[in-house]
There are 2 protein chains.
Amino acid sequence: MMAGRTVRTLGEFGLIEQARRRLTRLSPGGGWRVRLGIGDDAAVLQGRRGEPVLLACDMVVEGVHFTARTPARAVGWKAVAVNASDIAAMGGVPVAAVVSLGLPPTTPVQWVRGFTDGLARCARSCHMALVGGDTVRAPQRVADVAILGAVGPRGPIARRGARLGDRLFVTGRLGGSMRSGRHAAFTPRWREAQRLLRRLRVHAMMDLSDGLAQDLWNMSRASRVTLRVRAALVPVAPEALGVSGALHDGEDYELLFALGPADARRVPRRLGECPVTEIGAAVRRGVGVELEYPDGSVSPLSARGFAHFGEALA
Amino acid sequence: MMAGRTVRTLGEFGLIEQARRRLTRLSPGGGWRVRLGIGDDAAVLQGRRGEPVLLACDMVVEGVHFTARTPARAVGWKAVAVNASDIAAMGGVPVAAVVSLGLPPTTPVQWVRGFTDGLARCARSCHMALVGGDTVRAPQRVADVAILGAVGPRGPIARRGARLGDRLFVTGRLGGSMRSGRHAAFTPRWREAQRLLRRLRVHAMMDLSDGLAQDLWNMSRASRVTLRVRAALVPVAPEALGVSGALHDGEDYELLFALGPADARRVPRRLGECPVTEIGAAVRRGVGVELEYPDGSVSPLSARGFAHFGEALA
């Protein structure tokens, strides 16, 4: 029965799909145009004059994304960093953000100071401004950051552009992000993305938040090609429990990107300090994700990453 | 002792002031410029080319801004409308918004559908797009909308531009917004603001969210002029308990604006269906808000409007 269904049974992707169907017919005001709407890391909007802009938001909630014991400064850093990562994933440059903060009245001012310091430190390291926000009373701490980004001449890069024959790459090393604390201290990869775009023609890009396996499914669905990853190539972080952790832990905030075979040979092995690793290829038309085991056998790769509402994942 | 202070004792304005001091030294990336940062209804950002854009956000929380009994559609409408009102207050036109939604997994899908309908209806009525967002698990429902706005040739209008001798006006009728349900069903006044700006030179403008008395203080502090309001002129909504309700109830989402005496004579008494009323003037340099009683006596006007954290208001 429809009326009895809950968010848990529908799941995050069901929610987004439902919203997309209801909201995509709306058109923007002020003479603007939507170049890319709901469903990517950020929306792409184009004014009458000037360059396109990117717009995205990400919410972090106490008890879900952080606990009462997480240092306030880490919460602030993460709230900005996850948004800057969304801009990076589109091939954009962070410009400015606004922050909505819900707080219980009993929150120590000290906590707010630490949180604000975290926001400011991340913003400074990304060379972006914090230009406004909203503070409201809430039963538990919740922060939402919305970010405006600029697009360079080679952007924006959507997640839907992967083509048959493309090679797949990731930045950094994956897995163990929650255990190691990296999930709240990472450096968004927008500078790496900019370097990449200056040299190469990237077809599709996204950031890794739900776990490589789940995010491969997201790119595959958007691009309608089957992505095959070789287990032996996946760069595993020292804090991760092997390839499985690298595939499923989530919260990596590294980049996953696809480009043609000729350009693939020109991808550098490092972008600054950051390693770049080829992990697989787009092997067939149609949606699918496959894992090639070290023994050469190939199996479908389950998406089981982070389920926001406890729903079953594909 | 500093470490023992809470958000309740510091209050919303203390929080904003603290954040402003910590965050204003940050500069934006991508060749952009901050024309107006923290402290107004929206930030004003200017790209290398093209028109300036407005950026703002507003959060609504279950148990604070709405209850479990508030129709989901009204929650969705309000979440977009309060943001469009911020854009209106800057003399801007809504372009597009992103929505972050925190939900308990037990939330009925029916509720999400109603909420999304409310978002879409308000967005359509404001001629703006909804282009993305984030859905996360949360202990109670919380929605944050961030909005991008365009600025016409006559904008943006800040709240800090009121000058000595300016006349003060409000749109609509004030008070009783929560009781009447108007707080979640109002029409953002951006069309009215655009009409006004086409004809007249508005010096300062803001929207009324915290109650006329509190918002007069906000404009006075920003403009550094003393604002005097005549009680007999304040337009009282039929649902309000007299002038006191119109001054302090809050959640009106009407416009308060200031312009010079010559332009004041040319302000129309209606903008479309919406009444426009002269309520007072900027009478002295320096921060202050005064109420002129019907008997001609003048007293300082207390700000006691909506205290977000239960703090004492000036």
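## Close-up views of a predicted two-chain model

**View 1. R22(B) in the predicted model is partly exposed, with 16 other C-beta atoms within 10 Å.** That count lies between the limits for the two other classes, because a residue is buried at 20 or more such atoms and exposed at 12 or fewer. R22(B) belongs to helix α1 of chain B. When neighbours within four places in sequence are left aside, the contacts of R22(B) are with T116(A) and A120(A). Within chain B, R22(B) and Q214(B) are separated by 192 residues in sequence and by 24 Å in space, C-alpha to C-alpha.

**View 2. The contact between the chains takes 78 residues from chain A and 79 residues from chain B.** On the side of chain B that touches chain A, the elements giving two or more residues are the helices α1 (7-23) and α3 (109-125), together with the strands β2 (43-46), β3 (53-61), β4 (92-103), β5 (129-137) and β6 (142-151) of chain B. Sorted by class, this side of chain B comprises 47 nonpolar, 21 polar and eleven charged residues. Of the interface residues of chain B, 99% are also interface residues in chain A, so the copies meet through the same surface.

**View 3. Chain B is superposed on chain A by a rotation of 180° with 0.0 Å of shift along its axis.** The RMSD of this superposition is 0.0 Å. The two copies are therefore related as by a two-fold rotation axis. Among the residues of chain B, G50(B) comes closest to the rotation axis, its C-alpha lying at 2.0 Å.

**View 4. Chain A is assigned two domains, domain 1 (39-151) and domain 2 (167-300).** Taken over C-alpha atoms, the centres of domain 1 and domain 2 of chain A are 24 Å apart. Contacts between them involve 20 residues of domain 1 of chain A and 16 residues of domain 2 of chain A. On the domain 1 side, α2 (72-89) and β4 (92-103) of chain A each supply at least two residues. The most is given by α2(A), with twelve residues. This side of domain 1 of chain A divides into twelve nonpolar, five polar and three charged residues.

**View 5. Helix α6 of chain A, residues 212-223, is largely enclosed by the rest of the structure, because ten of its twelve residues are buried.** From first C-alpha to last, α6(A) reaches 16 Å, close to the 16 Å expected at 1.5 Å a residue. Its buried residues are L212(A), A213(A), Q214(A), D215(A), L216(A), W217(A), N218(A), M219(A), S220(A) and S223(A). The cover over them includes α7 (242-248) and the strands β8 (202-207), β9 (225-230), β10 (255-259) and β13 (288-292) of chain A. After α6(A) comes R224(A), which has a positive phi, near 60°.

**View 6. The fold of chain A comprises eight helices and 14 strands.** Its radius of gyration is 19 Å, close to the 20 Å that the globule rule gives for 314 residues, so chain A is as compact as a globular protein of that length. Along the principal axes, the C-alpha atoms of chain A fill a box of roughly 60 × 50 × 45 Å. Of the 314 residues of chain A, 58% count as buried. Among contacts in chain A with a separation of 6 or more, 81% join residues 24 or more positions apart.

Conventions
Residues are numbered from 1 along each chain as its sequence is written. Chains are lettered from A and ligands numbered from 1 in the order in which they are written. This is a predicted model: local features need pLDDT of at least 70, side-chain atom pairs count only at pLDDT 80 or more; totals for chains, interfaces and linings use all residues. Two residues are in contact if their C-beta atoms, placed from the backbone, lie within 7 Å. Helices (H or I, at least four residues) and strands (E, at least two) are DSSP runs, numbered from the N terminus. Ala, Val, Leu, Ile, Met, Phe, Trp, Tyr, Cys and Pro count as nonpolar, Asp, Glu, Lys and Arg as charged, and the others, Gly among them, as polar. Copies are superposed by least squares on the C-alpha atoms of residues with pLDDT of at least 70 in both. Domain bounds come from an automatic or database domain assignment. The expected span of a helix is 1.5 Å times one less than its number of residues. The radius of gyration is taken over C-alpha atoms; the globule rule is 2.2 Å times the number of residues to the power 0.38.
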